[in-house]
Amino acid sequence: MRRLFVAGNWKMNLLGASAKQLAEGVAAAVPADESAIDALVCPPYPYLRAVGGAVDGSGVQLGAQDVYHEPEGAFTGEVSADMLVDVGCGWVILGHSERRHVIGETDELINKKVAAALKAGLKVMLCVGELLSDREANQTEAVVDAQLAGSLEGVSDADMAQVAVAYEPVWAIGTGVTASKEQAESAHAHVRNWLAGRYNSEVAEATRILYGGSVKPDNAAELMSQPNIDGVLVGGASLKTDLFVPIIEAARQVATS
Ligand SMILES: O=C(CO)COP(=O)(O)O
């Protein structure tokens with residue numbers, strides 16, 4: 001049975017005081033002995049330590065939004081996987097559509113980052129998802145397949161225990177347009193099928209596939225009730241305690257119903 005996973009991607013939002021306050025609010029909703037669900041917050045790099053301190057002793061895990069693949073050296077502005085581990089991160093988001101489409105990251109670069117993160121002991125939340133134009137051209141599955149294949153090149157069956165996939169259709173991110181539960185479930189089932197083909201049925205069954213794209217308290221339970229949707233990666237609604245905590249509660253309700 002896959003454990004439902006609620007993750008917050010704070011993107012480039014908040015400042016020190018508001019980040020700490022939000023983290024405290026989320027921590028208060030997830031006790032250290034939380035048994036039903038997993039919860040994760042991914043603040044910007046400068047606030048990792050403070051947010052890590054605020055969630056320490058709760059059931060909330062800490063993650064970063066990116067990493068660089070080189071271990072150390074003359075890479076101005078970049079942050080290594082060992083640095084993320086050193087400041088208390090357990091997870092890193094990789095391949096987010098904003099990094100693919102705004103910053104211009106390729107599957108090849110994302111693949112190097114995946115390898116570096118896994119080598120350092122970080123768990124990876126690998127994001128994939130199609131543009132609206134891809135969906136309209138009936139290319140959703142081909143695009144997702146290519147992203148998975150490129151990003152997971154060289155990642156072993158055993159490594160996959162440390163990887164979760166987030167399906168985030170780009171047209172649903174920050175737009176208020178959520179994929180319908182049928183659209184999301186269909187894409188998730190496709191990803192699981194891809195995992196079964198590339199790896200095996202055990203890996204496919206065990207890997208968590210999260211949905212991301214305009215998740216809100218009022219659509220979270222419906223999405224997470226789908227058989228292949230194992231959680232949500234939340235952007236905008238993860239920035240407010242009174243939106244993110246109800247999504248955590250929705251997950252708990254689905255998990256225990
Ligand atoms: O990109 C996302 C999470 O990584 C989703 O963002 P929104 O929830 O703001 O649509």
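**Around the site and beyond**

User: Let's start with Trp10. Where is it found?

Analyst: Trp10 sits in the loop between β1 (5–9) and α1 (16–27). Keep in mind that this is a predicted model.

User: Buried or exposed?

Analyst: Trp10 is buried, with 23 other C-beta atoms within 10 Å. Setting aside neighbours within four places in sequence, Trp10 is in contact with Val41, Cys42, Pro43, Pro44, Ser238 and Leu239.

User: Which residues does the UniProt "binding site" annotation cover?

Analyst: According to the unreviewed UniProt entry, the annotation covers Asn9, Trp10, Lys11, Gly174, Ser214, Gly235 and Gly236. They span 228 residues in sequence, but no two of their C-alpha atoms are more than 13.9 Å apart, so they gather at one spot.

User: OK, and Gly235, what does it touch?

Analyst: Not counting residues up to four places away in sequence, Gly235 touches Asn9, Lys11, Ile173, Gly174 and Gly212. Gly235 lies in the loop between β8 (231–234) and α11 (241–256). Gly235 counts as buried because 20 other C-beta atoms lie within 10 Å, and 20 or more is the cut-off for that label.

User: How many residues surround the ligand, and which are the closest?

Analyst: There are 14 residues around the ligand, and the closest are Asn9, Ile173, Gly212, Gly235 and Gly236. By class, that shell has five nonpolar, eight polar and one charged residues.

User: Switching to strands. How many bridges join β1 to β2?

Analyst: Five bridges join them, and the two strands run parallel.

User: Now helices. What span should α5 have, and what does the model give?

Analyst: At 1.5 Å a residue, the 14 residues of α5 (residues 107–120) should span 20 Å, and the end C-alpha atoms are 20 Å apart, which agrees.

User: What do the buried residues of α5 pack against?

Analyst: They pack against α3 (81–86), β4 (91–94), β5 (123–128) and α7. The buried residues of α5 are Ile110, Asn111, Lys113, Val114, Ala116, Ala117 and Leu118. Just after α5, Gly121 takes a positive phi of about 95°.

User: What about Asn138, what phi does that have?

Analyst: Asn138 has a positive phi of about 60° and is not a glycine. Asn138 is found in the loop between α6 (132–136) and α7 (140–151). Asn138 is exposed, with 8 other C-beta atoms within 10 Å.

User: Last one: where does Asn200 lie, and is it buried or exposed?

Analyst: Asn200 lies in the loop between α8 (181–198) and α9 (201–206). With 12 C-beta neighbours inside 10 Å, Asn200 counts as exposed. From C-alpha to C-alpha, Asn200 and Val51 are 37 Å apart in space, and they are 149 residues apart in sequence.

Methods
Residues numbered from 1 in each chain as written. Predicted model: local features only at pLDDT ≥ 70, side-chain atom pairs only at ≥ 80, totals over all residues. UniProt positions renumbered as here; feature names shortened; annotations may be inferred. Helix = DSSP H or I, 4+ residues; strand = E, 2+ residues; numbered from the N terminus. Contact = placed C-beta atoms within 7 Å. Near = placed C-beta within 6 Å. Nonpolar A, V, L, I, M, F, W, Y, C, P; charged D, E, K, R; others polar. Expected span 1.5 Å × (residues − 1). Pairing = 2+ DSSP bridges.
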